Amino acid sequence: MSQTTIVSILSILQILIALGLVNVWIFRSGRATKYRGAGAQNMKQEFIVYGLPVWAMYVVGFLKMMIVVVMVSVLFAPYLMVPFGIAAFALLVVLMIGAIAMHIKVKDTLVKIFPAICMLLMSALALYLTLSI
């Protein structure tokens, strides 16, 4: 795969990841969706359902918004990919593994877990591609 192709795929992944995170954490955090764990009606209830303290929601939300900032910044300043992009993708991989684990903990259906799986796969692929260039 050429470096140009890798950079193009990475750019698409960065945009998809950033838009997905903003959608979930800004626009839909206070709303019920079919993807909320164990029937929670909003983000706060979802963290409580998982048995996590409310402060964990703020920490995870802050980390995910920082990942968005990095994704957008790296689009305009590709030289920041190392080390910031790599760190952001790696952190998102860890966070998505945690999200999947929480869904499994409360015995959610695959439909509810699917967005976290997609985000995990996109961030893992982006991390792999970043490390390969």
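**Ground rules.** I worked on a predicted model, where local features need pLDDT of at least 70, side-chain atom pairs count only at pLDDT 80 or more, and totals for chains, interfaces and linings use all residues. Residues are numbered from 1 along each chain as its sequence is written, and side-chain values use heavy atoms, with hydrogens and water left out.

**Salt bridge.** I looked for salt bridges (a side-chain nitrogen of Lys or Arg within 4 Å of a carboxyl oxygen of Asp or Glu). I found one in the structure. It joins the side chains of Arg36 and Glu46, at 2.8 Å from N to O. Arg36 sits in the loop between helix H1 (3–27) and helix H2 (43–49) and Glu46 in helix H2, so the pair ties together parts ten residues apart in sequence. Helices here are DSSP runs (H or I, at least four residues), numbered from the N terminus.

I then checked burial (buried is under 20% relative accessible area, with a 1.4 Å probe, protein chains only). Arg36 is buried at 4%, and Glu46 is buried at 7%.

**Helix H5.** For H5 (residues 110–132), 23 residues should also give 33 Å, and I read 31 Å between the end C-alpha atoms, which agrees. Lys112, Ser123 and Thr130 are among its buried residues. The buried residues of H5 pack against H1 and H4.

Conventions
Helix = DSSP H or I, 4+ residues; strand = E, 2+ residues; numbered from the N terminus. Buried < 20%, exposed > 50% of the residue type's maximum accessible area, 1.4 Å probe, protein only. Expected span 1.5 Å × (residues − 1). Contact = heavy atoms within 4.5 Å.
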